[in-house]
Structure formats: structure tokens, C-alpha cells
Amino acid sequence: MTTLTDALRRRRRPDQRLLAATLRRALQLLFKPVAHPRVGIAAQRRWQEALARTNPGASGMPHHNMEAGGVRCRVYQPEGADTTVLYLHGGAYITGSPSTHHGLTSHLARHSQARVVVPDYRLAPEHPCPAAIEDAMAVYQTLLDQGTDPARLALAGDSAGGGLAVATLLALKQAHLPLPASLFLISPWVDLTLTRLFDTDRDVMLSQAWLADAARAYGGDHPERPQCSPINGDLAGLPPVLIQAGADEILLNDSHRLARAVRDAGGQVRVQVHPQRWHDFQLHAGLLADADLALRGGAGFLRHHFRQPDHPAAEQTRP
């Protein structure tokens with residue numbers, strides 16, 4: 001069995017340092033210039049789908065497609081899985097799909113030994129806010145209708161998908177639906193106003209210009225509303241939250257601000273900032289040892305907060 005010490009040793013190997021430097025440079029040259037308003041959204045989507053094929057999926061992980069609440073989903077199904085993670089992919093609300101996140105989500109399924117359901121939710125500008133929330137809610141409701149115990153169900157997401165996960169929780173509260181057992185967020189984008197970005201020139205993926213264009217496409221004239229910027233919503237009564245971020249990303253402040261807001265609302269939250277790592281570095285699971293180590297930590301958090309079916313669920317706070 002691989003131990004944490006073994007994983008840390010792998011992190012320090014020269015080949016991992018070289019790999020991290022290579023990945024960083026590749027993102028600078030191949031991702032960031034295309035993730036820009038000057039490039040059409042259709043071209044951005046095609047290019048990101050192509051780049052995602054370089055991230056290996058977890059070998060031998062069974063997966064299939066299904067429809068839930070009228071939304072197409074990809075499902076990763078480890079043998080014997082009796083817990084579920086509803087995972088919302090990133091892409092600034094304008095790009096991304098279950099395919100672009102195959103590497104991350106298949107490895108999360110392996111590490112957590114949970115069924116991971118990844119909705120192909122509608123994207124802006126064709127479908128602005130709240131279309132993505134409606135799709136996430138439809139899938140969540142379908143999972144409940146199919147008998148999924150919310151005590152054995154978690155919500156997760158990265159980047160815009162992380163913000164969408166928080167916005168979905170706010171919608172679940174408003175609908176008086178049972179909340180999931182926990183929330184796992186990777187580099188969440190929770191403030192579309194972009195007024196308090198982390199000032200760094202080391203972000204190899206994101207630019208303020210691209211985020212601003214995506215915020216207009218998804219949030220329209222009012223990106224500050226909680227549906228778009230859930231940092232401005234009522235965060236009381238949320239389940240336990242784990243947030244992971246890279247130290248070299250312009251959305252780092254979103255992670256810290258969200259953590260403070262959850263704590264101020266009386267919630268449990270932990271933030272893990274990975275030094276010398278970029279936005280969404282967990283996408284490189286299966287290649288980058290740090291990505292695998294981070295996902296193992298996230299999977300452990302999820303497993304810890306899943307409750308047995310006969311365990312009394314904590315009373316959920318309603319708005």
C-alpha cells in the first residue's frame with residue numbers, strides 16, 4: 001500500500017520537478033493564449049477538449065453515460081461503491097465538459113471509492129445563469145428520487161464548478177431539500193465581480209480578461225447576485241467544506257474569502273493551499289504526484305463525512 005511518506009518522496013523526485021515545470025510551461029503556451037476573449041468560444045471548447053486528452057484517466061475505472069433530470073451525465077462507478085459524489089466541472093461557465101475533466105473525476109472516483117456523477121450542464125453564453133444551477137438541481141433531485149441517501153452523497157466541483165456547487169447548495173437550502181454530507185471545492189470561483197483577485201503574475205491558466213468575458217456571458221449585468229457570486233449568499237447551515245487551491249493562481253483570494261465567510265456563518269471549513277501550484281492542478285492526476293496527493297486528501301475528507309445509513313443525520317439549518 002502506498003503511504004503518505006511514499007507519496008511525499010515521489011513529490012521530491014527530480015522527474016516530478018521537471019514534469020511540473022513542463023506542465024506549467026505547456027499551460028502557458030497552449031492553454032492561456034486560447035482561453036482569451038479574442039478566441040471564439042467554440043474554438044476554445046474544441047481546443048480544451050483536445051488538450052484534456054493528455055490527462056490520463058484512472059485505468060480500469062468503469063464508467064457509463066446516463067440521463068438525470070433531462071441532463072446528460074458521465075458516471076464513474078467503482079465496484080461496490082455505495083456512496084455518491086455529484087461533481088460539477090470547471091471552465092468559467094463557458095467551456096468544459098465531463099470529457100475535459102475525465103482525468104480528475106475518474107481518479108477522484110478511484111481514491112474515494114465513490115460513484116462520481118458529472119453532469120454536462122448547460123453553458124453560457126447560450127444558457128446564462130441560472131441554467132447551470134437548474135441542471136445541477138435537476139441531477140441532485142433525480143439522485144434523491146432514485147434513493148440516494150443525502151448522508152451518503154457529497155457535492156464537489158472545481159473553478160466555476162466550485163462556485164456552481166456553492167450556488168447549488170444555496171438553491172437546495174431555498175428549496176428545503178436535504179443537504180449533502182460534505183462539500184469538496186478545488187480553486188472555487190465564487191465572486192464574478194473580479195474586484196478582489198489575487199495579484200500574481202504566476203497564474204499560467206487564467207487571465208482577468210478571460211474571466212471578465214466569462215462573467216459577462218454567464219452573469220450578465222448583475223454578476224454580483226448570489227446565484228452568480230455565491231460568496232454574497234447566505235452561507236449558514238452548510239455541510240463541512242474542504243477547499244484546495246494553488247498558491248500561484250489569481251483566484252486564490254476567492255478560496256480564502258469563502259472560507260472566512262463560511263466560518264463567520266458558523267460552518268466548518270478547511271483550506272489547503274499548495275505551494276508552487278497553479279489553478280486546477282488536480283486536473284493532472286495520474287501524471288503529477290501533487291495532484292494525486294491532493295485528490296487523495298479530498299477523497300479522505302469525503303469518506304470521513306459520509307455517514308452510515310442508520311446514523312442519525314445532523315439537523316440541517318433552513319433559511
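Me: By class, how many residues in the lining of the largest pocket are nonpolar, polar and charged?
Reply: In this predicted model, local features need pLDDT of at least 70 and side-chain atom pairs pLDDT 80 or more, while totals for chains, interfaces and linings use all residues. Residues are numbered from 1 along each chain as its sequence is written, and side-chain values use heavy atoms, with hydrogens and water left out. Ala, Val, Leu, Ile, Met, Phe, Trp, Tyr, Cys and Pro count as nonpolar, Asp, Glu, Lys and Arg as charged, and the others, Gly among them, as polar. The lining then divides into 13 nonpolar, 11 polar and 2 charged residues.

Me: Which element gives the most residues to the lining of the largest pocket?
Reply: A pocket is an open set of points on a 1 Å grid over the protein atoms alone, where a 1.4 Å probe fits, with protein on both sides within 12 Å along at least five of seven lines; lining residues have an atom within 4 Å of a point. Among the 26 lining residues, L27, F31, L51, N55 and L283 lie nearest the centre. Two or more residues come from each of α2 (14-31) and α3 (41-52), where helices are DSSP runs of H or I with at least four residues, strands are runs of E with at least two, and both are numbered from the N terminus. The greatest contribution, 5 residues, is that of α2.

Me: What is the order of the strands in the open sheet?
Reply: Two strands pair if DSSP finds at least two bridges between them. The edge strands, each pairing on one side only, are β1 (63-68) and β8 (269-274). Pairing in this sheet of 8 strands is mixed, and the order is β1-β2-β4-β3-β5-β6-β7-β8.

Me: Which residue is the bridge partner of D158 in β6?
Reply: Strands β5 (residues 153-158) and β6 (residues 183-186) pair in the parallel sense over 4 bridges. In β6, D158 is partnered by I186.

Me: Is the aromatic pair of Y93 and W189 stacked or tilted?
Reply: Rings of Phe, Tyr and Trp (its six-membered ring) pair if their centres lie within 6.5 Å; planes under 30 degrees apart are stacked, over 60 edge-to-face and the rest tilted. Of the 3 aromatic pairs counted by this rule, one joins Y93 and W189, with 6.1 Å centre to centre and 40 degrees between the planes: it is tilted.

Me: Which residue does a cis peptide bond join to C129?
Reply: Omega of this bond is about 15 degrees.
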